[in-house]
Amino acid sequence: MKRLRLSFAFWLGTILFWELVLHLAVFQSLSRGLPMVGFSIAAAALVCLLTALPRWSGKLFAWILPPVFYLVYAVQLVYEEIFGSLLSVAFVSMGGEAITAFWSILIAALWKRLWLLLLMALPLAAFYVLRAKKRFPTAESWMDLGVVLVVAVVAAVGTWAVLPQFGPGINDPAALFRNPTATVDRWTENFGVLTASVLDVKRQGSAARGEMTAELTDAVISKRRSRRKWNGISWRKSTLTL
């Protein structure tokens, strides 16, 4: 359990460090980022939990999650340098076209943000070094994993529950959290990159479900109209026959 606590502390420090770098580079301030700390605790506990799973599952998550998390922050840093705003999931499909059209600008942005990207890569390298030295082992029991899971859930739900305490009015964090039209920039400034990404994915999923429902409704209505039209034609033919 001692090494599991070390893993949790490492990931909490890493995520907060990445958030600090991005906030200072993009927003030049941390004045609205207090709720971000609570959600970062939940994210750190979740990463700690998944990378501590026994056998091959923990090893798989240990190789996949850290680079993915790093890329989320790195892409946002470079994208903001080019376009002046953070990337939304809605524009991910345009990434290939953007690289083709702005490749020279992309290289310039990468060069400008290179020192930040290298700085943010240090915890990533440290994680693999420490794991190779078995400083971050698998959990000794399922109870250990259960404790980490409880920490993740309590941190996420608790932070969400106290959001109304951070400010009144329509611009308070609680209203912003529920606002489906909010920008990724505002979500990130208040809740951090990871929470903003989750909210953005949820919004795009809701929009996709809405479009599918609308298409299905149109198809059903069209089918009913066709059936009524066919029934009307059949009725007229039978009347003429009589």
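Biologist: Taking helices (H or I, at least four residues) and strands (E, at least two) as DSSP runs numbered from the N terminus, how many helices and strands does the chain come to?

Modeller: The chain comes to ten helices and zero strands. This is a predicted model, in which local features need pLDDT of at least 70 and side-chain atom pairs count only at pLDDT 80 or more, while totals for chains, interfaces and linings use all residues. Residues are numbered from 1 along each chain as its sequence is written, and side-chain values use heavy atoms, with hydrogens and water left out.

Biologist: How do α1 and α6 pack?

Modeller: Helix α1 (residues 2-26) and helix α6 (residues 114-132) pack at an angle of about 175°, with axes 10 Å apart, where axes are lines fitted to C-alpha atoms, for helices over the stretch in contact, and angles run from 0 to 180 degrees between N-to-C directions. That makes α1 roughly antiparallel to α6, a label for angles over 145 degrees.

Biologist: Which residues of α1 and α6 meet there?

Modeller: Counting heavy atoms within 4.5 Å as contact, the α1 residues include Phe10, Trp11 and Trp18, which belong to a set that meets α6 residues including Met120, Pro123 and Phe127. By class, this contact of α1 with α6 has 13 nonpolar, one polar and no charged residues, with Ala, Val, Leu, Ile, Met, Phe, Trp, Tyr, Cys and Pro as nonpolar, Asp, Glu, Lys and Arg as charged, and the others, Gly among them, as polar.

Biologist: Changing topic, what volume does the largest pocket have?

Modeller: The largest pocket has a volume of about 610 Å³, taken as the space filled by probe spheres set on grid points joined across faces, edges and corners. On a 1 Å grid over the protein atoms alone, a pocket is an open set of points where a 1.4 Å probe fits, with protein on both sides within 12 Å along at least five of seven lines, and lining residues have an atom within 4 Å of a point.

Biologist: And which helix gives the most to the lining of the largest pocket?

Modeller: That is α10, with nine residues, and the lining of the largest pocket divides into 20 nonpolar, six polar and four charged residues.

Biologist: What about Gln28, is it buried or exposed?

Modeller: Gln28 counts as exposed because its relative accessibility is 56%, the cut-off being over 50% relative accessible area with a 1.4 Å probe and protein chains only. Gln28 is found in the loop between α1 and α2, and has a positive phi of about 55° although it is not a glycine.

Note on methods
Parallel < 35°, antiparallel > 145°, perpendicular 65-115°, else oblique. Buried < 20%, exposed > 50% of the residue type's maximum accessible area, 1.4 Å probe, protein only.
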